[in-house]
Amino acid sequence: MQILKVTGIDWRERKFISKLYKAQSVKIQLKWGGTRSVKIGRGVRQGCCLSPILFNLYSECLTKEALEGFGDFKIGGQIIHTVKYSDELVLLAKEEKVPRDMIYTLTEIGRCYGMEMNVEKTEVMRISRQSFPAKIMIYQKQPENVESFKYLGSMLTNDGRCTCEIKSRIAMAKAAFNKKRAHFTTTLDLKLRKKLVKCYIWSRVLYGAETWTIRAVDQKHLECFEMWCWSRMENISLTDHVRNEEELLRVEEQRNIQHEISKQKANWIGHVFCVETDFYTG
């Protein structure tokens, strides 16, 4: 309740939340009847729309208190300690010593808040040209060093490149195409089928494309995928020996996927510059 008070929640809302969670009990319904009521000693109610909001407020105060004064990772001149989404937390740092101190302080302050870090679910990744593991201990245990992990649907790798992410996106898009292939290879109008492909298939590939750093090999993968879509849509196999130029003429298209990526990047940059905060100035 003290955190709610500090964040400026009105006393009426605080009283309502207190009564909502005070002396709560739970009963499990089974097919032969319900169990006896058991009091909930701590925590928030599962499925309650208020629970994630309260958790986010709690965790935000925890990380703000623990990580104040730490950090050496800057974007636009501002130090960025963490990246948060739901109950996931990513610590950012340039030097290996910095995350060690951040984790130590975070675990100590976390104990005061009644929270502990799950070492089994914690992963460490060093993004560097030299592939050697980071030596970071949590509760005298070494968390797993990984070469890649997914965050918000994007694949991050320890080499800082986007090749794995692009290949993963292409594989998902091809699977989606094959799953609904009947819709793309029917006798529907050509323009309609092209719109369906770009709407439902290309959108899977280009998710997060505005943040990609595309190399020559990545560009080749994307162009091959583009031609794969048109050849499958027109039922053209490799044994037909149809050149790419002829395929493009059949579908009345040009190589367009790189243009779509450039357009997404331009839109994203425009959105960034329109945000009226000091974060992007300077």
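So, the hairpin of β7 and β8: there are 2 residues between the strands, and Ser86 takes a positive phi near 55°. This is a predicted model, by the way. The strands themselves, β7 at residues 82-85 and β8 at residues 88-91, run antiparallel and are joined by 4 bridges. Across from Tyr85 you'll find Glu88 in β8.

Okay, how far do we trust the coordinates? Average pLDDT for the chain is 83, and 94% of the residues score at least 70. The stretch to watch is residues 278-282, where pLDDT stays under 50 and the model has 7 contacts beyond four places in sequence.

Next, the nonpolar part. The largest nonpolar core has 26 residues, and Val197, Ile201, Trp202, Leu222, Phe225 and Trp230 have the most contacts inside it. Five helices each supply at least two of its residues: α5, α7, α8, α9 and α10. α8 gives the most, with 7. Take Ile201: leaving out residues up to four places away in sequence, Ile201 touches Ala173, Ala176, Phe177, Phe184, Leu196, Phe225 and Cys229. There's another core apart from that one, with 9 residues, including Leu62, Ala66, Met102 and Tyr113.

Last stop, Thr122, in the loop between α4 and β9. Is Thr122 buried or exposed? Its relative accessible area is 18%, so it counts as buried, the cut-off being under 20%. The Thr122 side chain reaches the backbone oxygen of Asn118 at 2.6 Å. Beyond its neighbours within four places in sequence, Thr122 is in contact with Met117, Ile138, Pro143 and Glu144.

Methods:
Residues numbered from 1 in each chain as written. Predicted model: local features only at pLDDT ≥ 70, side-chain atom pairs only at ≥ 80, totals over all residues. Heavy atoms only, no water. Pairing = 2+ DSSP bridges. Buried < 20%, exposed > 50% of the residue type's maximum accessible area, 1.4 Å probe, protein only. Polar contact = N/O pair within 3.5 Å; in protein donor to acceptor, adjacent residues only side chain to side chain. Contact = heavy atoms within 4.5 Å. pLDDT = per-residue confidence, 0-100. Core = buried A, V, L, I, M, F, W, Y, C linked by side-chain atoms within 4.5 Å.
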